[in-house]
Each structure stands twice: as structure tokens, then as C-alpha cells.
Amino acid sequence: MKERAAAEIRSAIVRGDLEPGTPIKDVELAERLGLSRTPVREALATLSDEGLVETKPHAYTRVTALEAEPVRDALVVVQTMHALAIGLAVPKMTAEDIAAMRAANKAFKKALDADDAAAALAADDEFHAVAVRCCDNFAIAATIDRFTPLVRRIEHSRFSSPNARHSVTQHQQIIEACEQGDDLLATTLVDQNWNTLKEEL
């Protein structure tokens, strides 16, 4: 229940339904989610650790402001981890992995064409997750999981704009590099792909 609550609140923050500075009341959230207050409080603690919510005991709980510096710091880490993941993954990739990347990019394009930023974000996640799974490095995966929430709002903003269409082409170039077994090129291309998010800051 804690994970479900965290996922729903996180999505609302990323979509902008809960805007920066919005007060959050655990009683109201619990009623809306159909949960008791305990898992909602635990979820808010998780989101606080992720940097999406800030709390002052006996005063307030609110959505954090979208400040450039902490987001930029998190993006550098996430970008570096994904680039490292693809470099380690390329020698291990199978035809099925390449097919999964193609399918994810197809879903990504379809979502962008439908102006569905949430679906585009999910498809982009699946595209990059192939390399994270293939590299089989728990530290990389854990680091990505830890810092990705902080960049979610700028990802959603990016995928809500026409500029996101360029990522479809970048993804295709990454796939081709993986097919060719060129880990260095794939690493460079993934780094460039994530670097486009800096335009949102």
C-alpha cells in the first residue's frame, strides 16, 4: 500500500496535478486513495527522501519547488549511470534485447504522436531499462532508482513539447550502435540523449 500511495502521489507531482508549493494533507490523500493514513505517511516520507516533497514537523508538508540546482545535480548522476549502463550492456545484448528497445521506441513515438506525455515517459523508461537490465549491475540500477525521481518533472515537461520528437531519432541511433556492437558509440549517444533534458532547466 505504501508503494501504491507513493506511485500515485509521485505521478500527480510529475504531471503537475500537484504543483510546486502545493500543501499536502495526509488525511485528504488517504481518503482520495482509499487508504489509511499510515501508508500515505510512509509514502510521503519516501517522496521526501526523493526530493519531491518537503516536510516541517507540526507545520507543513508540501510539494518541493522545481529548483534548477538539485535537479541538475541529479540529472548529471542519472545521465552518467545510463551512459555507463549501455557501455556495459552492449557486449551482452541479445536479439531479444534489441527487439525490446525497438518496441519501446515505437511505443514512445506513438505516445508522442498522441500527445501523451505520461505514456511517452513510460516508454522511454522501458527503452533505457533494457540496458540497465542487461548490464546487470545492482549499483547502477540502485543509483538510477535513487535519483531519477528528481528529474521526472523535467522529463514530463520535455515529453509534453515538440522537441521530444528528436529523441525518437536518437533512440534509433542508439539501437543501431547496439546492433553493431559499438559500445563506445552507444555510450556517447545515450549521454547526448539525456543531455537534452538540460534544455528544460
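Tutor: Helix H2 (residues 26-33) crosses H3 at roughly 115 degrees, and their axes come within 9 Å. That makes H2 roughly perpendicular to H3. The classes of angle are: under 35 degrees roughly parallel, over 145 roughly antiparallel, 65 to 115 roughly perpendicular, and the rest oblique. Axes are lines fitted to C-alpha atoms, for helices over the stretch in contact, and angles run from 0 to 180 degrees between N-to-C directions. Helices (H or I, at least four residues) and strands (E, at least two) are DSSP runs, numbered from the N terminus.

This is a predicted model: local features need pLDDT of at least 70 and side-chain atom pairs count only at pLDDT 80 or more, whereas totals for chains, interfaces and linings use all residues. Residues are numbered from 1 along each chain as its sequence is written, and side-chain values use heavy atoms, with hydrogens and water left out.

The crossing of H2 and H3 is right-handed. H2 brings Asp-26, Val-27, Leu-29, Ala-30 and Leu-33 to the contact, and H3 brings Arg-37, Val-40, Arg-41 and Leu-44. By class, that is six nonpolar, no polar and three charged residues. Contact means heavy atoms within 4.5 Å. Ala, Val, Leu, Ile, Met, Phe, Trp, Tyr, Cys and Pro count as nonpolar, Asp, Glu, Lys and Arg as charged, and the others, Gly among them, as polar.

Next, the loop joining this pair. Leu-35 lies between H2 and H3. Leu-35 counts as buried, at 13% relative accessibility. Buried is under 20% relative accessible area, exposed is over 50%, and partly exposed is in between (1.4 Å probe, protein chains only). Setting aside neighbours within four places in sequence, Leu-35 is in contact with Met-1, Arg-4, Ala-5, Ala-30 and Val-40. Its C-alpha atom is 7.6 Å from that of Met-1, 34 residues away along the chain. Ala-30 and Val-40, both touched by Leu-35, belong to the contact of H2 with H3.

H3 has another partner. Helix H1 (residues 2-15) packs on H3 (residues 37-50) at about 55 degrees, with the axes 8 Å apart. That makes H1 oblique to H3. H1 passes H3 in a right-handed crossing. Lys-2, Ala-5, Ala-6, Ile-9 and Arg-10 of H1 face a list from H3: Pro-39, Val-40, Glu-42, Ala-43, Leu-44, Thr-46, Leu-47 and Glu-50. The classes here are eight nonpolar, one polar and four charged. Val-40 and Leu-44 of H3 meet H2, and both also meet H1.

Now step away from H3. Helix H4 (residues 68-89) and H6 cross at roughly 60 degrees, their axes within 8 Å. H4 and H6 are therefore oblique to each other. H4 passes H6 in a left-handed crossing. His-82, Ala-85, Ile-86, Leu-88 and Ala-89 in H4 meet His-128, Ala-131, Val-132, Cys-134 and Cys-135 in H6. The count is eight nonpolar, two polar and no charged residues.

Asp-115 sits in the loop between helix H5 (95-113) and helix H6 (117-135). Its phi is near 55 degrees, positive in a residue other than glycine. Asp-115 is exposed, with a relative accessible area of 65%. Asp-136 lies in the loop between H6 and helix H7 (138-159). Asp-136 has a positive phi of about 55 degrees and is not a glycine. Asp-136 is exposed, at 66% relative accessible area. Most residues other than glycine have a negative phi.

Further on, Ile-175 lies in helix H8 (residues 165-179). Ile-175 counts as buried, at 0% relative accessibility. Beyond four places in sequence, Ile-175 touches Ile-98, Met-101, Arg-102, Asn-105 and Phe-127. Ile-175 and Asn-105 are 70 residues apart in sequence and 9.4 Å apart, C-alpha to C-alpha.

Last, the whole chain. There are nine helices and two strands, in the order α-α-α-β-β-α-α-α-α-α-α. Buried residues make up 44% of the 201 residues. Of the contacts with a separation of 6 or more, 76% join residues 24 or more positions apart. The C-alpha trace spans about 55 × 35 × 30 Å along its principal axes.

Terms used:
A crossing is left-handed if the near helix is turned anticlockwise from the far one by less than a right angle, and right-handed if clockwise.
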